[in-house]
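Me: I'd like to go through what the labels on this one rest on. Can you set each value against its definition?

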Amino acid sequence: MRVDLLSREYPPEVYGGAGVHVEYLARELRALVDVRVHAFGGDRAEPGVSGYRVPGGLESANAALQTLGVDLEMASACAGADLVHSHTWYANLAGHVAKLLHGVPHVVTTHSLEPLRPWKAEQLGGGYAISSWAERTAILAADAVLAVSEGMRRDVLACYPEVDPARVSVLHNGIDTAEYAPDLGTDVLERLGVDPGRPSVIFVGRITRQKGLPYLLRAARSFDPSVQLVLCAGAPDTPEIAAEVNALVDGLRQERDGVIWIERMLPRPEVVQLLSHASVFVCPSVYEPMGIVNLEAMACEAPVVATATGGIPEVVTDGETGLLVPIAYDDAGLPADPERFVADLAERVGALIAEPDRAAALGRAGRRRAVDHFSWPRIAERTRDLYAGLL
């Protein structure tokens, strides 16, 4: 069986959870099926992996049109596949066109849904209508839809009620708990200016409306003065959110020390060491179908404070592996009461900073949960079985 995986992200060009998912899924599937990977970006040296740049003539076009141009080239390259499997709207249309062109089944994994991210109109302009159309077209026609959480499955059926529920299955993200494991060294911390002797609150993620970094920066005004705030945050979606985050960081630095902002993407081992020494890892996302970054933190024994949204409650067990922050939404998919959300975020972080023994116990329980419930080999086996049922 030859399976072609279609994704915007693939190493070394990975910036989010979907790219991590495809990387590890491909690795484990190779022991079970013939896997080819098609990804956006430059050429890849890895056998069986192809990169696709924006076609000539579209370099200055709307970003969504550039995506469709790449999708068409990827779809053409899927000739010979027995099945195609696409990830995120960026590659969904490539999978749909490959299904039509080559007469093969198309599996879609939903890592997020465009109708639940209306703020992307700020990022994409008219391209948001195109991304929404591409996602809808692919999901409605897909032979199977995989949701990365039960929460995501509910969202798929709510956003696309035409989809037969029998075609939508849950397959969680996984974690490599050998790669993500506690690192007691301090060389990375010291090089980055993080004091191992002070408590630290860590954020890892892109600067997008979805990831909620501005709410964390506002909450940090209430943190104990001894606490360091470590931000592994870059790749802002828009100039507007970049300016907002810059202003909030500048303001925070005027009020306190220990604000460390790392704007570049760090190698994975360096992130592991940062997570391993986190007093609290914070995921303030306003939308998160699962939040693989929480699994990464848990595997490194970091206690987690995360928003109770999407699939996060399926990963972070409130009071056992971390603390969840409630959220209610306005019509734009943002917190209906942002001041309450910020206050609740600050309260839960503060509670764990004040009780380091409790926080450490939550961290140890988090690693046990990551090891016991989120194995990539098992996820690959279930994925292969789903493929076989479609052929």
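Reply: Buried means under 20% relative accessible area, exposed over 50%, and partly exposed in between (1.4 Å probe, protein chains only). Helices (H or I, at least four residues) and strands (E, at least two) are DSSP runs, numbered from the N terminus. This is a predicted model, where local features need pLDDT of at least 70, side-chain atom pairs count only at pLDDT 80 or more, and totals for chains, interfaces and linings use all residues. Residues are numbered from 1 along each chain as its sequence is written, and side-chain values use heavy atoms, with hydrogens and water left out.

Me: Why is helix H10 (residues 268–276) called largely enclosed?

Reply: Seven of its nine residues are buried, so the rest of the structure largely encloses H10. Those are Glu270, Val271, Val272, Gln273, Leu274, Leu275 and Ser276.

Me: What covers the buried residues of H10?

Reply: Going by contact (heavy atoms within 4.5 Å), the cover includes helix H7 (187–192), strand S8 (200–206) and H11.

Me: Which residues of H14 are buried?

Reply: Ala359, Leu362, Gly363, Ala365, Gly366, Arg367 and Ala370. Their cover includes helix H11 (292–299), strand S13 (322–325) and H13.
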